[in-house]
Amino acid sequence: MSLTVLSDTVIHSLLFSLTLEDVINLQENLSEALHEYSTGTQETTGCCSTNQPQRISIPAANNQTTLFMPASTSTSRGIKIATLATASEPTRQDSLQSLDSTYSTASTLNSQSTTSSSLSTSTSTPPATPASQLSKFSLAPFHSTAASSQSTSPIGSLTLLASTGAPYAFLAASELTAFRTALAATIIFRRRTNVHTVVVFGAGLQALWHIRLALVLRGADIHHIHIVNRSFERARQLMTEIYTSDSWAHLRKANEKLDFSIVGAGYGEYNRILKERVRKADIIFCCTPSTTPLFPAEHLTSTEGRKKGRYLSAVGSYRQQMIELHPDILRQAVAPEHKHHHHKHAQKGGVVVVDSLSACMKEAGEVKQAGLTAEQLVEIGELVMVKKASMMEIAAGGEGEVGLKKWLMGGNVVYKSVGLGLMDICVGEDVVTLAKERGYGKTVEGF
């Protein structure tokens with residue numbers, strides 16, 4: 001049997017060559033696998049949750065963690081082994097109790113600005129200016145996350161085995177993990193009515209793939225992408241790639257109204273601008289291993305903040321002490337609706353959407369710290385099932401799940417993911433198939 005070997009560089013090239021049709025096919029296959037994970041049995045599918053062992057984590061050197069993630073589908077078995085930086089414990093200053101004061105006392109530091117045409121940088125200390133008068137890129141360092149000296153991208157490998165147990169593929173894990181995480185996070189995003197303004201926290205591989213897939217899937221509908229990141233240099237590198245690389249050219253040209261901005265906590269107007277960005281956002285992608293909330297809860301939980309429907313995706317934190325969204329945001333998402341109120345609020349679903357109920361109940365910091373119960377969570381695979389039933393009813397002349405559709409397309413939806421080995425196996429299988437068809441990677445015969 002032959003063994004296909006794909007490096008991160010090769011996987012990057014292959015994934016960057018994907019068309020809209022390719023991405024939708026991959027996403028539909030992943031959706032189906034997640035549907036089978038949530039609803040299948042051992043008698044009907046290999047993707048069912050019973051066939052997915054819980055992952056194991058062990059401490060590694062240099063404050064890192066190594067994850068062992070075995071999984072299976074109907075056609076493959078496999079395991080991903082990945083090592084990544086461990087988020088440091090929050091200090092007293094960074095605790096939830098001091099969050100408001102932390103944001104309100106941000107000092108005015110040097111700001112750095114970049115224009116979209118040249119991406120050249122200049123450093124100065126300008127007076128505070130309205131957000132509308134900021135240059136195309138307003139840059140400064142970001143809030144507390146994992147140690148800046150370490151990469152937050154996983155380093156490791158994915159091994160795929162045929163149902164007979166014979167290995168048939170060996171893939172590097174970094175690029176694939178970021179891609180499959182963003183692919184799952186954009187399942188609901190793809191169907192949102194309004195994606196005009198997107199806010200992305202982070203500027204690593206996860207952020208890159210969330211931005212790229214958002215543009216591939218809905219680029220014509222997006223006008224603003226605001227990146228919030230602690231490191232100017234990392235954000236500058238991402239912007240340089242987007243604005244100068246030929247592999248982004250078709251996405252840049254697809255929408256003349258598209259613009260980007262970068263903002264961080266060091267800018268003197270940071271608190272006001274962050275609040276403005278979050279309030280105006282239609283989509284918020286959180287892609288950082290943060291140990292404290294990325295923004296105050298009241299930006300979204302106040303009367304003003306609740307007027308607009310948003311899709312919030314939090315995929316960067318994967319352990320109990322890590323948290324990107326304030327617990328109050330999740331608590332409000334599951335709180336019962338009041339039948340009589342004096343203010344217009346966007347529709348809620350009464351639940352938080354997760355990739356895996358058992359994994360998020362055990363590992364998701366936001367879920368644990370918000371004190372949510374299993375009844376307040378719904379797996380994205382279950383929503384796929386309901387959507388299928390709804391579409392069948394509509395095809396038969398009925399109304400389908402009108403309320404569900406309205407909520408998913410325009411209401412306040414919170415999606416929390418800690419990652420599943422099943423995602424790696426499912427997407428990995430498809431990537432190997434594409435690589436063979438299109439001549440990517442190396443093949444070891446008779447392995």
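**Helix H15 and its surroundings**

Analyst: Helix H4 (residues 174-189) and H15 pack with their axes 10 Å apart, at an angle of about 105 degrees. Axes are lines fitted to C-alpha atoms, for helices over the stretch in contact, and angles run from 0 to 180 degrees between N-to-C directions. Helices (H or I, at least four residues) and strands (E, at least two) are DSSP runs, numbered from the N terminus. The model is predicted: local features need pLDDT of at least 70 and side-chain atom pairs count only at pLDDT 80 or more, whereas totals for chains, interfaces and linings use all residues. Residues are numbered from 1 along each chain as its sequence is written, and side-chain values use heavy atoms, with hydrogens and water left out.

User: Why are H4 and H15 called roughly perpendicular?

Analyst: Angles of 65 to 115 degrees count as roughly perpendicular, under 35 as roughly parallel, over 145 as roughly antiparallel and the rest as oblique. The angle of H4 and H15 is about 105 degrees, and the two helices are therefore roughly perpendicular to each other.

User: Which residues make the contact, and how do they divide by class?

Analyst: With contact meaning heavy atoms within 4.5 Å, H4 contributes Leu176, Thr177, Phe179, Arg180, Leu183 and Ala184, and H15 contributes Met423, Asp424, Val427, Gly428 and Val431. Seven are nonpolar, two polar and two charged; Ala, Val, Leu, Ile, Met, Phe, Trp, Tyr, Cys and Pro count as nonpolar, Asp, Glu, Lys and Arg as charged, and the others, Gly among them, as polar.

User: How does the span of H15 (residues 421-438) compare with the one expected?

Analyst: The expected span is 1.5 Å times one less than the number of residues. H15 reaches 25 Å from its first C-alpha to its last, close to the expected 26 Å. Just after H15, Gly439 takes a positive phi of about 75 degrees.

User: How do you know that strands E8 and E9 pair?

Analyst: Two strands pair if DSSP finds at least two bridges between them. Five bridges join E8 to E9, and the strands run antiparallel. Thr159 stands opposite Phe170 in E9. Their hairpin has four residues between the strands, and Gly165 takes a positive phi near 100 degrees there.
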